[in-house]
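Please keep the model in view while reading.

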Amino acid sequence: MTIVRIDAEPRAIEIDPARSAVLMIDMQRDFLQPGGFGEALGNNIRLLTAAVDPCRALLAGARRHGVLVIHTREGHRPDMLDAPPAKVERGAPSARIGDRGPMGRILIRGEPGHDLIPELYPHAGEPVIDKPGKGAFYATDLHTLLHNRGIENLIVCGVTTEVCVHTTVREANDRGYRCIVPGDCCASYFPEFHEVGLRMIKAQGGIFGWVSDSRRILAALG
Ligand code: C5J
C-alpha cells in the first residue's frame, strides 16, 4: 500500500491511490461545445472549457497510477419517463429537456449532445454512469460499484461546480467518502458560483471535503 499526501485546503490529506477514484462529472458536448445546449441558453462556454486541459492532465496521471476513473453523464431516457415534470418544466421555455437543440434532443441519452467531449473520452473499460439527477448517486449504481472496488476517496472533477459537482460531493460525503475537489478541473458558467462553491466545500474545517488542484494532485501521485 502506497499512501500519498495531497496538499489541499483546509489541510493536506493522505490517500491510498488504490482506494481512490477520479469521478469526471458530466463533461458532455451539450454543456461544453459551441452550438450546444449551454451556449444556446446564452452562457459563455469558454468558462467551462478552461477546465478541459487540467482534467486531461489529471486523467492521464490517474490512469498512469492505476487510479480508477469513472465518468458520468446527465440525461434521460428517450421516453422521458425518468424525467420529473418538476425538472422539465423549469429552464428556458424555448430549450427544455427533451426539446430539439443544435445537437439533438436536449439531455436525452443517445443524442449527440449527451455524449462526452472527445478530449476527455473514456478509455476502454472505464465505467460511465448515466444519471437522471444532478447528483451522481441518485438513481444510479455508483455507490455499489465504488463499494465493490473498495473505494474510499473520490477526486471529483467536472461541470458545473455549483450544480452537479456540488450535489455529488454532498451525496458522497454523506455516504462516507472523502472528497477532494481540484478547483481547476471544475467550472461554472458563473465564476462567482465556482469560487463560492469551492469555498463552501472547504469551509468549517472541510465540511464537505478538501479543495486542491490538478498540479498538487499530480505532484502527490509522483
Ligand atoms: C450539471 C446542470 N451537470 N448545470 N448540470 O451541472 O444542469
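Which polar backbone atom lies 2.9 Å from an oxygen atom of the ligand? The atom belongs to Thr160; such a polar contact is a pair of N or O atoms within 3.5 Å, and within protein one must be able to donate a hydrogen and the other to accept it, with residues adjacent in sequence counting only if both atoms are side-chain atoms. Of the 230 Å² of accessible area that the ligand has on its own, the protein covers 85% (Shrake-Rupley method, 1.4 Å probe; for residues, only the protein chains shown count as cover).

This is a predicted model, in which local features need pLDDT of at least 70 and side-chain atom pairs count only at pLDDT 80 or more, while totals for chains, interfaces and linings use all residues. Residues are numbered from 1 along each chain as its sequence is written, and side-chain values use heavy atoms, with hydrogens and water left out.

One nitrogen atom is 2.9 Å from an N or O atom in the side chain of Glu74, and a backbone N or O atom of Val159 lies 3.1 Å from a nitrogen atom of the ligand. The residues around the ligand, each with a heavy atom within 4 Å of it, are Asp26, Phe31, Glu74, Lys134, Val159, Thr160, Val163 and Cys164. By class, this shell has 4 nonpolar, 1 polar and 3 charged residues (Ala, Val, Leu, Ile, Met, Phe, Trp, Tyr, Cys and Pro count as nonpolar, Asp, Glu, Lys and Arg as charged, and the others, Gly among them, as polar).

Val159 and Thr160 also deserve attention for their backbone. The peptide bond from Val159 to Thr160 is cis, with omega near -15°, and Thr160 is placed in the loop between strand S8 (153-159) and helix H7 (161-174). Another cis peptide bond runs from Glu9 to Pro10, with omega near 5°; Pro10 is in the loop between strand S1 (4-6) and strand S2 (13-15). Most peptide bonds are trans, and most residues other than glycine have a negative phi. Ala139, in the loop between strand S7 (128-131) and helix H6 (142-148), has a positive phi near 60°.

The protein chain as a whole has 9 helices and 11 strands (DSSP runs, H or I of at least four residues and E of at least two, numbered from the N terminus). Its radius of gyration, taken over C-alpha atoms, is 17 Å, close to the 17 Å that the globule rule gives for 222 residues, so the chain is as compact as a globular protein of that length. That rule is 2.2 Å times the number of residues to the power 0.38.
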